[in-house]
Each structure stands twice: as C-alpha cells, then as structure tokens.
Amino acid sequence: MSDTQGGGPLVGLRVMEFTRGRAGAIAGMLLADYGAEVLRVEPPGGDPLWDDLPGYPVWHRGKEIVQIDLTAPEAIVAIARRLPVTDVLLDGMRPGVLAAAGLGYEAVAPTSPALVYASVSGFGGVVDAPGYEGLVQAWLGLPSYQGARRGSPSLSTYAAGSFGAALLTVIGILAALHQRDRSERGQRVETSLLDGLLAQLVMNLVAPAGEEPGPPPMPGASPTMAIYACGDDTHLQIHLGARGALERLCEAMGMSHADFVGERTGRHFAGDPEGADRFRAALARVFAERPRREWIEILTAADVPVAACLAPGEILDHPQTQALDLTMQLRDPLLGP
C-alpha cells in the first residue's frame with residue numbers, strides 16, 4: 001500500500017476521527033493504511049467496544065488515539081482550534097452527538113472552509129435509531145435471503161453493511177478532496193450502513209413490472225450451486241453456471257445427464273423443485289463415496305467449477321493467499337503474534 005517513497009499516497013493528510021463500531025473505524029483504518037495521519041478521539045476511559053469487538057486492534061492500526069471529554073467546553077475549544085489545519089473530520093457517532101458537542105458540520109464549516117466533513121451512520125441520520133448492523137440487515141430483508149433454505153429469516157454474521165459503508169465513506173472523502181484541489185473548499189460527505197448494504201443488494205431487488213421483488217435463488221437453493229459433504233467429513237461447493245458444466249459434472253461423477261435433463265424447466269432446475277431435490281440427493285450419494293481431495297482433482301480435471309469449503313481462518317495459510325502476499329504476521333503488544 002506504499003508509494004515509491006515508502007510513505008503512501010495520503011502522506012500529509014490530516015484526519016480527526018470520532019467513531020464507534022465498525023464502519024467509521026474501518027474507513028479511518030483505510031486512510032491510515034495509505035499514509036494519512038489519523039487522530040482518533042475516544043471518551044475518558046476509552047471506547048468500551050475495545051472489549052466487545054475483536055476487530056478493534058486491527059481497525060485502529062496506524063492511528064494516534066487520545067481520550068477527550070466532549071462534554072468539557074475547554075476540550076471542544078481545543079478541538080475547534082485544530083480543525084482549520086485538519087483535512088478530514090470523520091464522524092461515525094450516532095447522528096447528533098457531535099452536533100450537540102458543538103462540532104456539527106454547520107458549526108465548524110464557517111471557520112474551517114477547507115474541511116471535508118464525512119459522516120457515516122446506521123440509517124443516514126433521517127431515522128433516529130441505533131445504527132446496529134443487525135437492524136439495518138432486517139430493514140433490507142437480508143435475513144430473508146439468508147433463510148432461503150431454512151424457511152425462516154436468519155441473521156448474517158458478516159457485517160456487509162458496515163464494510164460497504166466504510167468503502168463508500170472513503171470513496172466520498174477522496175472525491176471531496178479531489179474537488180477541493182480545484183475549488184479550495186471542503187464539503188460534507190454522508191453515507192450509512194443502509195447505503196452500504198443497499199448498494200450491494202439493489203440488483204437483487206429489481207423485478208419486472210407488476211411483480212414484487214423477492215430474494216433471488218441463494219447458493220444452496222439450487223442443486224447446481226450448492227455445498228455437499230464428502231466421504232471424509234469435509235465439504236465442497238460446486239457452481240454449474242458455465243455452459244456445459246452440468247453435463248461435465250455428470251460425466252465425471254459417473255451419472256447420466258439424461259436421467260435429469262428432462263425434469264429441468266430452465267437453468268438450475270428453476271420451477272422444478274422436485275427435480276432439484278432428486279438431483280441433489282443423487283449428487284449427495286455420489287459425493288459421499290470419496291474424500292474431498294479426490295473430488296477436487298476429478299472435477300477440476302473435468303473443468304467443473306468447484307472449491308473446498310475451508311474452515312474459518314484456514315484461508316490465511318492457503319497457498320493462494322500466500323502467493324498474493326495478502327497476510328503477514330506481526331506482534332501486537334496486547335494480543336501477541
């Protein structure tokens with residue numbers, strides 16, 4: 001992430017971060033990764049989420065952390081004095097918290113006209129509700145997507161809204177800084193977890209005129225995009241979206257494609273749940289006959305898209321990850337290696 005001088009493309013950029021939770025913290029992390037000087041402000045005693053979110057030591061890497069009481073008038077004066085020489089103020093607090101402290105955009109913009117004021121919240125500031133990931137997922141119907149095969153909504157443990165919002169925040173900040181180079185004036189940048197998740201789901205919500213949008217087929221809802229158990233108590237996933245992949249799979253597994261093709265009423269057994277269940281059961285029986293390693297070799301040789309279902313964290317030691325230099329080991333003063 002460094003440029004040829006070793007400092008990163010954002011060296012010299014000064015950021016003041018007021019955040020709680022994932023989205024704003026990750027946005028600040030990304031800016032710091034690229035060389036920005038990020039000063040993170042926490043309340044006296046520290047942010048209590050350090051004890052609740054294991055990601056905090058990672059999301060706050062590369063930042064200077066100070067503890068300031070935002071209810072103390074002298075503290076607000078000190079912060080306000082620093083803002084004219086700050087490039088970005090990152091607000092990841094509940095809407096209204098910084099404004100109540102006298103640090104809202106309308107309060108600081110007149111004296112800091114070059115400041116880029118970036119706000120990220122749960123619902124965009126219109127809804128006065130805690131910006132928790134699970135609540136945002138519920139609003140957008142993601143639990144219904146997750147429950148497509150279970151029959152009832154199921155919460156996703158992956159914080160898609162938070163990570164999406166973090167990326168949108170950084171993009172907005174960089175765009176505003178680029179515009180500032182031309183106009184010499186900063187501006188307000190706003191996004192939310194709602195934005196971050198909706199941006200990822202929006203195409204799934206498109207429906208033909210007169211039809212209600214609903215969840216698309218989920219991986220596992222079709223037997224041709226599903227996870228199967230192998231004979232050694234491991235699992236793999238197949239994805240037969242490529243032309244001819246279904247036929248190649250059947251041939252590689254010693255099955256007759258003709259036994260199933262007549263039951264298909266479209267790609268991936270769409271509209272034919274009974275045929276899908278029969279095909280899934282047949283695949284399950286055959287996959288259970290061999291260990292995963294053998295099936296990966298057989299299906300790869302047959303040009304059938306397949307992947308091993310790895311255990312959480314196993315990807316960190318995978319040869320592909322190592323080849324791309326995506327991981328490193330370091331010693332954290334609190335967590336160790």
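How much space lies in the second largest pocket? The second largest pocket holds about 510 Å³ of space, and the largest pocket about 970 Å³. The model is a predicted one.

**Salt bridge Asp87–Arg14**

- Asp87 and Arg14 form a salt bridge in which the closest N and O atoms are 3.6 Å apart.
- This pair links distant parts of the chain, 73 residues apart: Arg14 belongs to strand S1 (residues 14–19), while Asp87 sits in the loop between helix H3 (73–82) and strand S4 (88–92).
- Asp87 has a relative accessible area of 9% and is therefore buried, the cut-off being under 20%.
- Arg14, with a relative accessible area of 35%, is partly exposed.

- Arg40 and Glu17 meet through their side chains in a salt bridge, at 2.8 Å from N to O.
- Because Arg40 lies in strand S2 (residues 37–42) and Glu17 in strand S1, the pair ties together parts that are 23 residues apart in sequence.
- Arg40 is buried, at a relative accessible area of 0%.
- Glu17 is buried, also at a relative accessible area of 0%.
- A network of salt bridges links Glu17 and Arg40 with Arg20, Glu42, Asp47 and Lys63.

**Salt bridge Arg188–Glu106**

- A salt bridge joins the side chains of Arg188 and Glu106, with 3.5 Å from N to O.
- Arg188 is in strand S6 (residues 188–192) and Glu106 in helix H5 (residues 105–108), so this pair ties together parts 82 residues apart in sequence.
- Arg188 counts as partly exposed, at 32% relative accessibility.
- Glu106 is exposed, with a relative accessible area of 58%.

**Largest pocket**

- The largest pocket, with about 970 Å³ of space, is lined by 19 residues, of which Val58, Arg61, Thr327, Met328 and Leu330 are the closest to its centre.
- Its lining is made up of ten nonpolar, five polar and four charged residues.

**Second largest pocket**

- Of the 21 residues that line the second largest pocket, Arg20, Gly21, Gly92, Gly131 and Tyr132 lie nearest its centre.
- Helix H1 (23–33) and strand S5 (116–121) are the elements that give two or more residues to this lining.
- By class, the lining of the second largest pocket has ten nonpolar, seven polar and four charged residues.
- Arg20 lies among the residues nearest the centre of this pocket and is also a member of the salt-bridge network.

Definitions and conventions: Residues are numbered from 1 along each chain as its sequence is written. This is a predicted model: local features need pLDDT of at least 70, side-chain atom pairs count only at pLDDT 80 or more; totals for chains, interfaces and linings use all residues. Side-chain values use heavy atoms; hydrogens and water are left out. A salt bridge is a side-chain nitrogen of Lys or Arg within 4 Å of a carboxyl oxygen of Asp or Glu. Helices (H or I, at least four residues) and strands (E, at least two) are DSSP runs, numbered from the N terminus. Buried means under 20% relative accessible area, exposed over 50%, partly exposed in between (1.4 Å probe, protein chains only). On a 1 Å grid over the protein atoms alone, a cavity is a set of points where a 1.4 Å probe fits but cannot get out, and a pocket is an open set with protein on both sides within 12 Å along at least five of seven lines; lining residues have an atom within 4 Å of a point. Grid points are joined across faces, edges and corners, and a volume is the space filled by probe spheres set on the points. Ala, Val, Leu, Ile, Met, Phe, Trp, Tyr, Cys and Pro count as nonpolar, Asp, Glu, Lys and Arg as charged, and the others, Gly among them, as polar.
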